[in-house]
Amino acid sequence: MPYLRAADMPEEPAGDRFRQVLARPGILQIPGTHNGQAALQAKAAGFEACYLSGAAMSASMGLPDLGIITVDEVAFFIRQVARASRLPVLVDGDTGYGEALNVMHMVRSFEEAGAAAVHLEDQLLPKKCGHLNDKQLATPGDMAAKVAAAAKARRHLFVIARTDAVASEGMDGAVARAELYIQAGADAIFPEALTTPDMFREFARRMPGVRLLANMTEFGRTPFFTAQEFESFGYAMVIWPVSSLRVANKAQSELYQAIRRDGGTHAMLDRMQTRAELYDTIDYEEYEALDASIVRTVIPTGTIS
């Protein structure tokens, strides 16, 4: 379904489509998709929404996840993922790139790029991955002002407030913050870096009627849980934020080592997406069909195809 064809583009705003898939029975599973190709593959696997992680976008650019990238750089990722997949995209908005006016600018920019939802966190810059140590937090009132600014600026964007307070302020502090963020206009809450099933259950019990997002990142503080386990804890959504990038980077590193070692890629062919598989994923033939001046491509036969 080429995005160039107007009939193939969604008619409803992205935020409304996100609310629709979230309203369906069962937990909404949202894999990280660090570029347009990953988003297409996630869609082909049957996912109904996808996620853009600040850590994955930063790492894709060769940068650490310390709040370095800009609104415009994130908008570039949003455009390619939303355009390629036409899935509703949840975007990591970090700390909102500043204070209230900056948050409003971020919301408008993300909506215009095609985002369906955004989450904001209550850290101070320079922010860190939520599973690392010694995070510095904004005051509850300052974060609530950012949430209110996001709610005021959005037309349809679904706003999720993330709190990193459990590590430093305990469950009571995190719940108090979450309640304030809901009052300020957040549609859902993302409690970051919980470490036990009981913590997930307690947070959900103390936030009745509030939709909650769980983060299943690898190599962090949260043990491995399945989507079904998170659902049993009381969560409505779960993300796997950097998994696609981790797998792709590992495979890419092994490829470069093989070329350096073997003088070619012949030992890696069975691990590659073929030309035919790539063209099928990106709807190559359908794009060609839109322009009669393009001669239909015939995929070469042979070992390297």
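Asp94 is buried, at 3% relative accessibility. Buried here means under 20% relative accessible area, exposed means over 50%, and partly exposed lies in between, with a 1.4 Å probe and protein chains only. Asp94 sits in the loop between strand E3 (89–92) and helix H5 (100–113). Its phi is positive, about 50°, although Asp94 is not a glycine.

A word on the source. This is a predicted model, where local features need pLDDT of at least 70 and side-chain atom pairs count only at pLDDT 80 or more, while totals for chains, interfaces and linings use all residues. Residues are numbered from 1 along each chain as its sequence is written, and side-chain values use heavy atoms, leaving out hydrogens and water.

Now Asp283. Its phi is also positive, near 60°, and Asp283 is not a glycine either. Look for Asp283 in the loop between helix H11 (275–281) and helix H12 (284–289). Is Asp283 buried or partly exposed? Asp283 counts as partly exposed, at 23% relative accessibility.

Next, the whole chain. The protein chain has 12 helices and eight strands. These are DSSP runs, numbered from the N terminus: helices are H or I with at least four residues, strands are E with at least two. Buried residues make up 47% of the 305 residues. The C-alpha atoms fill a box of roughly 65 × 45 × 35 Å along the principal axes.

On to the rings. The whole structure holds 11 aromatic pairs. Rings of Phe, Tyr and Trp (its six-membered ring) pair if their centres lie within 6.5 Å; planes under 30 degrees apart are stacked, over 60 edge-to-face, the rest tilted. Phe200 and Phe233 are stacked, because their centres are 5.8 Å apart and their planes at 20°. Phe200 lies in helix H8 (residues 197–205) and Phe233 in helix H9 (residues 227–233), so the pair ties together parts 33 residues apart in sequence. Phe200 is buried at 2%. Phe233 is buried too, at 7%.

How are the rings of Phe225 and Phe230 arranged? That pair is edge-to-face, with centres 5.5 Å apart and planes at 80°. Both Phe225 and Phe230 are buried. Ring pairs link Phe200, Phe225, Phe230, Phe233 and Tyr235 into a cluster.
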